[in-house]
Amino acid sequence: MKLITAIVKPHKLDEIKEALQAFGVQGLTVTEASGYGRQRGHTEVYRGAEYQVDLVPKIRIEVLVDDSDAEELIRVIVSAAATGKIGDGKVWSVPVDSVVRVRTGERGADAL
Amino acid sequence: MASAITTLAADAPTLSAANTGFMLICSALVMLMTPGLAFFYGGMVRVKSSLNMLMMSFISLGIVTILWVLYGFSLAFGTDSGSLIGWNSDYVGLSGIGITELWDGYTIPVYVFAVFQLMFAVITPALISGALADRVKFGAWVLFTALWVTVVYFPVAHWVWGAGGWLFELGVIDFAGGTAVHINAGAAALGVILVIGKRVGFKKDPMRPHSLPLVMLGAGLLWFGWFGFNAGSWLGNDDGVGAVMFVNTQVATAAAMLAWLGYEKLRHGSFTTLGAASGAVAGLVAITPSGGAVSPLGAIAVGAIAGLLCAMAVGLKYKFGYDDSLDVIGVHLVGGVVGSLLVGLFATGGVQSDVAGLFYGGGLEQLGKQAIGVFAVLAYSLVASALLAFLLDKTIGMRVSEDDEVAGIDQVEHAETAYDFSGAGGGAASRSTAAPAPSAASKKVDA
């Protein structure tokens, strides 16, 4: 099993959710996040006083999937999240040792 | 003899229903400026002190109203004594005034004049509060407001507008309060912040405005209310001067907004919302003293010059290191000084009075008078306000503790917070309709 984590632009959440549902993903976790990549945020000016805003708002999406689905799912997320502009985000996957569904105690792929 | 008496009777003003109605509406418009100012200022501070900022303006409606009725109107507009202060025991508590008694030489009742002028007295101390954001004990502010209007505003209003007041008699033109309101408040702001010092983290921590839409709402309400402020200051509109004032108010404000935006586009690269709101207010301030004396083209010049100079002036606090939180000095003091002095250049000599400025063949005389008015009010207000702040600071203390300031003055002074962010975890992904959890705040019940 893999944990796929995507850090994306907030307004892309709905599109990604729909793409994941179309792919057959049963559940996901979404958190508000903030950070920066190579673009290093932006500058704002208030009455001439400049503020460097480094941390920009992002959405963090986490999905647990079977190993066999992982590559395809990353592709689905990337294609739904892409705008082609700077700050689109990143997607990565890490191996997961074990998963347990809390309600039933099912483990592994059954718990997904 | 008989014919002389007949002439006198014919010349005596009688109550005008139109002017009375007009002035009551103008008074209500000016009242709206104070909550407008509260929003203008309230949006410019951080979330944690936004309620305090709103309250510092709003409380003025309470405290100054009562003091005005008790003795303020009498001090400002009572019979002159020594050109410095007025007094009329009939005005104390507004107790000896007949409901149809007319204000001296005008067609409106004394009550109407008193309530119109009250609104000016209310907004002036509220203007000061913008310089003190985030750091002043609310109780100390209330006391300061009461003392300040008594010692500074009521006398200065008498100097500038009261029959016998020394600036009035000198011939200083202050149509609607550039000197008595804006220079007065701006100089007071400077006096107070020199005593109380900077906010914790000034020039280090980010202090971005928390809500520019609120700032725009406030600026819009100020602009709207300002028509009452300026157009009403002719105390009626039988001869059309109020209408000139209305036009000039609109024109100067537009010019100032454009000038401010142009400056910041060139200087900083963007047309900002805060710049549009600030430019508009700078134009309103600048046209206040001059609006009855200049032509609409003159008003464009007054607005554009003020917009540009105020936009440049707001940067001075970073250079000199004084913490005028919301630029009361940069906008109200500078705007008031610019507008008051420009009367000496742009007065046409045909609208409000026959006094002409330098550009209309009047020489330097009026400019000199305007400069005396500007300097006198600036100096008196600066020194008296600094002394009042010093006195309060040494007795009850003006500032909240550093810890409280960092935590946020709203919680400490008002036991409230402006916005409930407790549901923020759901964010974009969910919209909860659940009832608030009882654990969110434990409520003390009074039996």
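**Figure 1. Confidence of the model and of chain B.** The prediction as a whole carries an ipTM of 0.77 and a pTM of 0.85. For chain B, the average pLDDT is 91, and 92% of the residues reach at least 70.

**Figure 2. The largest pocket and its lining.** The volume of the largest pocket is about 890 Å³. Its lining comprises 41 residues, of which B:Trp103, B:Tyr106, B:Trp161, B:Phe168 and B:Leu235 are the closest to the centre. By residue class, the lining consists of 20 nonpolar, 15 polar and six charged residues.

**Figure 3. Elements of chain B around the largest pocket.** Two or more lining residues come from each of helix H3 (50-77), strand S1 (79-81), helix H4 (110-128) and helix H5 (138-161) of chain B. H4(B) makes the greatest contribution to the lining, giving five residues.

**Figure 4. Strand S5 of chain A and its two antiparallel pairings.** Strand S5 (residues 56-65) of chain A pairs with strand S1 (residues 2-8) of chain A in the antiparallel sense, through seven bridges. Within this pairing, A:Thr5 lies opposite A:Glu62 of S5(A). S5(A) is also joined by seven bridges to strand S2 (residues 29-35) of chain A, again with antiparallel strands. Here A:Val30 has A:Ile61 of S5(A) as its bridge partner.

**Figure 5. The hairpin of strands S3 and S4 in chain A.** Five bridges connect strand S3 (residues 42-46) of chain A with S4(A) in an antiparallel arrangement. A:Glu44 is bridged to A:Tyr51 in S4(A). Two residues separate S3(A) from S4(A) in this hairpin, and A:Arg47 in the turn has a positive phi of about 50°.

**Figure 6. The two faces of strand S4 in chain A.** In a regular strand, side chains alternate between the two faces of the sheet. In strand S4 (residues 49-53) of chain A, the covered face carries A:Ala49, A:Tyr51 and A:Val53. The uncovered face of S4(A) carries A:Glu50 and A:Gln52.

Notes: Residues numbered from 1 in each chain as written. Chains lettered and ligands numbered in written order. Predicted model: local features only at pLDDT ≥ 70, side-chain atom pairs only at ≥ 80, totals over all residues. Heavy atoms only, no water. pLDDT = per-residue confidence, 0-100. 1 Å grid on protein atoms, 1.4 Å probe; cavity = no way out; pocket = protein on both sides within 12 Å on 5 of 7 lines; lining within 4 Å. Points joined across faces, edges and corners; volume = space filled by probe spheres on them. Helix = DSSP H or I, 4+ residues; strand = E, 2+ residues; numbered from the N terminus. Nonpolar A, V, L, I, M, F, W, Y, C, P; charged D, E, K, R; others polar. Pairing = 2+ DSSP bridges. Buried < 20%, exposed > 50% of the residue type's maximum accessible area, 1.4 Å probe, protein only.
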